[in-house]
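Please work through each task before reading its solution.

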Amino acid sequence: MTSGATTSSGPGPSVPGPVPVPVPVLDDDPFSVSFLADPYPRHERMREAGPVVWLSHYGIWASARHEQVVTALTDWRAFSSASGVGLADFRKEKPWRVPSLLLEADPPDHTRVREVMTEVLSSRRVRGLREEFAAVAESLVGDLVERGTFDAVRDLAEVFPLRVFPDALGLPEEGRENLMPYGGMAFNGFGPRNDLFHEAMADAPRIQEWINESCRRENLAAGGLGQDIWAFADTGRITPEQAAMLVRSLLSAGIDTTVYAIGNALAALAAHPGQWARVHENPALAKLAFEEAIRFESPVQTFFRTTTRAVDLGGVRIGPGEKILLFLGAANRDPRKWINPHTLDVTRRTAGHVGFGTGIHACVGQQVARLEGDVVLTALARRAAMLSPTAAPEPRPNNTLRGFSSAPIRVEKAAVRGR
Ligand code: OVM
């Protein structure tokens with residue numbers, strides 16, 4: 001047993017069934033600033049303690065292993081999203097906002113709205129965004145490379161998604177500064193009511209008012225993804241109320257996630273000059289590099305599920321109505337699944353990573369995220385022969401997202417190729 005973990009047979013009476021295994025009990029607070037700033041040693045301890053552990057600080061189950069995380073995400077009948085995918089159990093406490101029709105729902109309610117969103121964010125539609133996204137990336141990255149030094153987070157990761165995604169949606173110009181703070185609310189909102197939660201919610205009523213206004217049909221520009229959602233209300237596939245809520249989902253999940261993903265990818269690649277050399281040599285590797293960065297430094301670290309019945313996970317019996325915290329970022333570094341999991345390898349086969357989740361709730365916008373990552377890294381690969389950090393990245397604590405508030409880098413300019 002690893003230090004810090006004790007075992008118990010878990011709460012509840014013993015029942016007939018699989019032979020119960022002792023359940024490791026850990027007292028970590030995975031939402032403390034110290035855990036969030038340096039998660040990987042704690043992930044390892046949790047992963048090695050057992051397939052499923054009991055986190056006594058919150059009275060919840062958790063898994064940091066790839067196999068159990070995938071099993072729980074795949075088995076939506078036993079591991080429900082409808083009670084919320086954060087710590088709060090919606091059957092016991094009032095959610096901070098009206099629950100998402102997409103994220104915080106199970107079949108059959110989930111099914112039709114998910115089908116609509118899958119169509120809205122189809123491959124064909126996303127391919128149609130590429131030209132514009134690539135042009136913005138080329139221009140922005142071109143200017144930054146001329147400067148020689150810049151902050152990969154503040155000057156690039158926080159700038160690029162806000163230059164392309166709100167236009168793709170058709171959002172009004174006014175108030176776009178509310179998008180990142182709203183993402184901060186949504187993702188800190190999955191955690192406990194700690195300082196991060198309360199700081200994120202400080203201006204909640206004003207920001208929510210802007211978000212709700214921005215979901216209305218008349219405030220969305222023609223030709224954007226927002227109007228594409230609303231068009232489904234005319235076909236009767238969804239109601240107008242559902243259309244507005246699905247636009248809210250794009251506003252919740254579409255900005256901060258890609259900011260963190262691009263920032264994490266740039267920070268990881270700057271810290272691994274040998275890997276960047278390969279991407280520079282062959283910019284077609286940009287796609288793989290972005291995917292590997294999502295595995296290596298997963299922007300979405302955790303989501304919860306709630307059991308609907310007694311269920312066995314990795315030999316551990318979990319009772320009905322219990323919360324389980326799934327560590328996507330730890331599953332993505334599980335040595336049972338990955339060779340050299342703590343090494344960034346841009347030619348690694350990343351299939352099976354759970355950075356976008358898996359199962360019926362797997363990220364519906366993942367092709368948009370990949371497009372953003374691809375065009376940014378491709379533009380940089382053509383122009384920068386070398387990246388190097390000029391200071392350690394500054395962690396930005398968040399109850400769900402892993403990333404940095406700053407990652408200053410130096411770039412060595414190359415002759416522009418491949419155009
Ligand atoms: C939503 C949503 C979906 C995925 C992630 C997320 C804030 C939100 O439907 O609102 O994070």
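This is a predicted model: local features need pLDDT of at least 70, side-chain atom pairs count only at pLDDT 80 or more; totals for chains, interfaces and linings use all residues.

Residues are numbered from 1 along each chain as its sequence is written, and side-chain values use heavy atoms, with hydrogens and water left out.

**Exercise 1.** Classify the pair formed by the rings of Phe31 and Phe304.

*Solution.* Rings of Phe, Tyr and Trp (its six-membered ring) pair if their centres lie within 6.5 Å; planes under 30 degrees apart count as stacked, over 60 as edge-to-face and the rest as tilted. The structure holds 8 aromatic pairs. For Phe31 and Phe304, the centres are 6.1 Å apart and the planes are at 15°, so this pair is stacked. Phe31 and Phe304 also form one aromatic cluster with Tyr58.

**Exercise 2.** Is Phe31 buried or exposed?

*Solution.* Buried means under 20% relative accessible area, exposed over 50%, and partly exposed in between (1.4 Å probe, protein chains only). Phe31 has 4% relative accessibility and therefore counts as buried. Phe304, with a relative accessible area of 1%, is buried.

**Exercise 3.** Over the face of which rings does Arg333 lie?

*Solution.* A charge sits over a ring if NZ of Lys or CZ of Arg is within 6 Å of the ring centre and within 35 degrees of the ring normal. Arg333 lies over the face of Tyr40, at 3.6 Å from the ring centre. Arg333 also lies over the face of Phe296, where the distance to the ring centre is 4.3 Å.
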